Amino acid sequence: MTLEQAKTGDRLIVKNISDPQMRVKAIRFGVMEGVEVTCTEKLPYGPVVIRRGRQELAVGRGLARRIIVEPA
Amino acid sequence: MAIMQINKALIKQPNKKTIVLAGNPNVGKSVFFNALTNRYVEVSNFPGTTVDISHSALGDDLLLDTPGIYGVSSFNDEEKVARDVILQADVVINIVNALHLERDLFLTQQLIDMGIPLVVALNMMDEARQNGIQIDHQTLERELGVPVIPTVAVEGKGIEEIKAALAGAAQGNRVPRIADLLAPLRDCFPSVAEALLYLEEDPSVKSPRTAVKAERRQEEIYLIRRRRVNEIVNAVVKESAEGASFAARLGQMMLRISTGLPILLLSLVAMYYFIGVFIAQVVVVFTEKVVMEGYYAPLVEGLVERLFAPGSVTAYILAGEYGLFTMTVVYLLGLLMPLVAGFYFSLSIMEDSGYLPRVATLMDRLLVKMGLNGRAIIPIILGLGCVTMATITTRLLGSKRERIIATALLGIAIPCSAQLGVIFGMVAPLGPGYLVLYLATVGAVFVGLGVIMEKVLPGRSTDLLIDLPVLRVPRLGNILRKTYVRTVHFIKEAAPLFVVGAVLISLLHISGLLQKIQDLFRPLVNSWLGLPPEASTAFIMGIVRRDFGAAGLYALPMAAGQTLVALVAITLFVPCIASILVILKERSAKDGLLIWVGSFIAAFLVGGLLARVMGI
C-alpha cells in the first residue's frame with residue numbers, strides 16, 4: 001500500500017520512496033526503507049503527517065502517493 | 001564566485017581564524033552569535049540570494065553566522081550559502097537542539113565526516129529536561145570525538161565554556177565506512193570536505209582533473225551516516241515515558257482542519273489588529289504624516305528650491321509630485337517600512353514558535369490545486385505586506401514553475417498593505433455585505449488564477465516535505481532581532497527599485513505621456529466599468545503607488561456598487577512600478593510582460609463582469 005492509504009494512528013514500515021531527491025531529504029530526517037513510522041494525522045485530501053521518535057514530518061499528498069509502506 | 005565576494009566584505013586575514021556557527025533551523029544560532037560577540041554586528045547579503053550572513057569579531061578571530069540547514073548540500077539557496085561559508089571555516093561551532101537530537105546530529109556527523117574541527121553546543125537543555133529527555137553529554141562527546149558543551153543560550157549558560165572549548169576543537173570520529181570511501185580521494189581535492197561533497201554528488205564540486213575511480217553515491221553515504229546517528233542517539237538519550245504535553249496537543253490541534261482553521265483565523269485576526277489597526281492607524285500616522293510629511297518633506301522641498309530653479313526638470317524629479325527625496329523617501333520610510341516590519345514581526349513569531357510549518361501543512365491542499373505547495377504561504381502572507389518584498393522571497397520555492405505562479409498571483413491578485421488600508425476604509429462604510437463581496441471576488445480570482453496556471457503551465461510542482469518542530473514560546477529578543485535584520489534587508493533591496501520607479505514616473509509626467517495614457521483609459525473606465533471618467537487618473541496613479549490608486553477613488557462621487565467595482569478592478573490592476581521592476585529582475589522579461597498584461601485583463605474582465613452583475 002502507499003502512505004496515502006494510511007489511516008490516522010496506523011503504524012507502518014517504510015518500503016520505498018520512489019523520488020530520488022525526496023528519498024535523500026527524508027534520510028536526513030531519519031525516514032528511510034525499513035523504518036517504522038506512525039501516521040499521526042491525515043488532512044482530508046491534504047498532507048499525511050508521520051512521526052518517528054520525536055521527529056514529525058508533513059508529507060504532501062503527491063509524495064505520499066509515491067511512498068510504499070506496509071503495516072508494522 | 002559568491003564566496004569571493006563575501007570574502008571581500010570580510011577581509012579574510014591569514015592570522016585570523018574563521019569561526020562559523022552552523023545548525024538546523026531555529027536552534028538559537030543568532031542568540032549564540034550575539035552572546036559570543038559584543039562587538040558591532042554587520043549583516044551582508046550573500047550575492048544572488050535572499051540570504052543574509054551576520055559577521056563580527058570574536059576576540060581576534062572572525063565570527064560568521066549561517067542560515068539554518070538540515071545538512072550540507074545544495075537543495076536550496078540557504079544550503080548553498082551555508083555550504084560555501086562552512087567550507088571556509090577553521091572551526092565550526094555546531095549548535096544542536098537537545099529536543100531534536102535525532103534530526104540535528106545528522107548535520108553534526110556530516111561536519112565531522114568533512115573533517116572540520118568542531119565544538120558542539122548542546123542547546124536548550126532546560127527545555128529538553130522539561131520534556132522528559134535526558135542526554136548523557138559525556139557519552140555523546142566520546143561517541144562524536146569532539147567537545148560537547150551543554151548550554152541554555154538564552155540565559156547565557158555555557159557561553160563562556162564554548163569560548164574556552166574553541167581551542168580544543170577537534171576533527172571528531174568519522175563514520176568508518178565513509179572514511180574508507182574517502183581514502184582513495186584524499187589527494188585529488190584541496191580538502192577532505194570537498195572530497196566528501198564530491199562523493200555526495202554536490203553539484204558545486206567539480207570532478208578533479210586526475211582520474212578518479214570513486215563512484216558518486218549520495219544516498220549510500222547518507223544511509224550509512226543516518227544509521228550511525230541513530231546508534232549514537234540510542235546510546236545517549238533516555239526518554240521518560242510522559243503523557244502528551246500541552247505543546248504536543250496544541251501542535252496536533254493546529255494541524256486538524258476542525259481546530260486548525262479556527263486557530264488560523266484567530267491568528268489572522270490578531271495579525272489584522274496588530275498591523276491593520278495598531279501599525280497602520282497609529283504608527284504610520286506618526287511616521288508618515290507627522291515625521292515625514294510634517295518635518296522631513298518641507299525641509300527637503302525648501303532645500304531643493306534654493307539649489308535648483310523652481311519648475312525645472314531637476315527640481316521636479318528631486319522634489320516634485322513623485323520626487324526622489326520627497327515622495328519616494330516618505331513612502332518607503334514613513335509608510336512601507338513600519339508595515340513591512342509589522343509583517344516580519346508577525347512572521348518571525350509564527351516561525352520561532354513552530355506554527356509556520358503547521359500553517360504550511362494546513363494550507364497545502366489548497367495551494368497544491370494552484371500549482372504550489374504549503375511553503376508558498378510565506379510569500380503570500382508577505383505579499384499582503386508588500387508585493388515587492390514578497391516577490392523577492394519567492395526564491396525559496398522549490399521550482400521555477402512555482403516561482404512563476406507565485407509571482408503572478410502576487411502581481412495580480414494580492415493587495416498590499418498600503419492599498420488594503422485605503423480599501424478597507426472605503427468598503428467598511430458600505431456595510432459587511434460589500435466587504436464579503438469584495439473578499440469573495442478577489443479570493444475567487446486568486447484561486448481561479450492559480451488553478452488555471454496549474455492546468456496550463458507545463459511540468460509539475462514539487463511536493464511538501466516539511467519538518468514539524470515541537471511548539472515553543474518564542475523569545476522576544478530573537479523576534480526583534482529577526483524583524484530588524486529582515487526589515488533592513490528589505491529597505492536595501494527595495495529602495496533602488498522605488499528610486500528608479502519614481503524617476504520613470506516623473507519623466508512620463510514631464511513628457512506628457514502620463515496624461516496620454518490616462519486619456520486612453522478614460523473610455524474603458526467610463527463605459528465598460530461604469531465609473532466616473534476621473535477614475536482613470538486613479539488607475540494610472542496605482543502604477544506609481546498602489547495606495548495612490550485606491551486613494552484617488554476616495555474623493556469621487558460613486559454609488560456603493562460603483563465603489564465595489566472600482567476597488568476590485570484597482571486591486572487586480574497592474575502592480576506598482578517597484579513590483580514590476582522586481583518581477584523583471586527576478587523572472588524573465590517575457591514573464592514580467594505576461595503578468596502585466598494579465599493584470600490588465602483580470603482587472604477589466606472581472607471589473608466589467610461585476611459591473612454587469614451589479615447592474616451598473
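Two strands pair if DSSP finds at least two bridges between them. I also kept in mind that helices (H or I, at least four residues) and strands (E, at least two) are DSSP runs, numbered from the N terminus.

**Ground rules.** I am working on a predicted model, where local features need pLDDT of at least 70, side-chain atom pairs count only at pLDDT 80 or more, and totals for chains, interfaces and linings use all residues. Residues are numbered from 1 along each chain as its sequence is written, and chains are lettered from A and ligands numbered from 1 in the order in which they are written.

**Entry 1: chain A against chain B.** Strand 4 (residues 55-59) of chain A runs antiparallel to strand 10 of chain B, with 3 bridges between them. I noted one partner: L57(A) bridges to D467(B).

Next I took the whole contact (C-beta atoms, placed from the backbone, within 7 Å). Chain B gives 30 residues and chain A gives 28 residues. On the chain B side, the elements supplying at least two residues each are helix 4 (101-113), helix 10 (218-236), helix 11 (246-255), helix 15 (356-369) and strand 10 (465-467).

**Entry 2: domains of chain B.** I found domain 1 at 2-239 and domain 2 at 257-511; the bounds come from an automatic or database domain assignment. Their centres, taken over C-alpha atoms, are 34 Å apart. I saw 14 residues of domain 1 in contact with 15 residues of domain 2. On the domain 1 side, helix 2 (29-36) and strand 2 (42-45) of chain B give two or more residues.

**Entry 3: helix 21 of chain B.** Helix 21 covers residues 476-510, 35 residues in total. I read 49 Å from its first C-alpha to its last, close to the expected 51 Å (1.5 Å times one less than the number of residues). The helix bends by about 35° at A494(B), and P496(B) follows within four residues. That bend is the angle between axes fitted to the seven residues ending there and the seven starting there.

I checked burial too (buried: 20 or more other C-beta atoms within 10 Å; exposed: 12 or fewer; partly exposed in between; C-beta atoms placed from the backbone). Buried residues of helix 21 include R486(B), F490(B), A494(B) and F498(B). The buried residues pack against helices including helix 2, helix 14 (327-353) and helix 23 (535-544) of chain B. Just after the helix, G512(B) has a positive phi of about 85°.

**Entry 4: C39(A).** I placed C39(A) in strand 2 (residues 36-42) of chain A. C39(A) counts as buried because it has 20 C-beta neighbours inside 10 Å. Beyond its neighbours within four places in sequence, C39(A) contacts residues including A6(A), G9(A), V48(A) and I50(A).

Conventions:
Contact = placed C-beta atoms within 7 Å.
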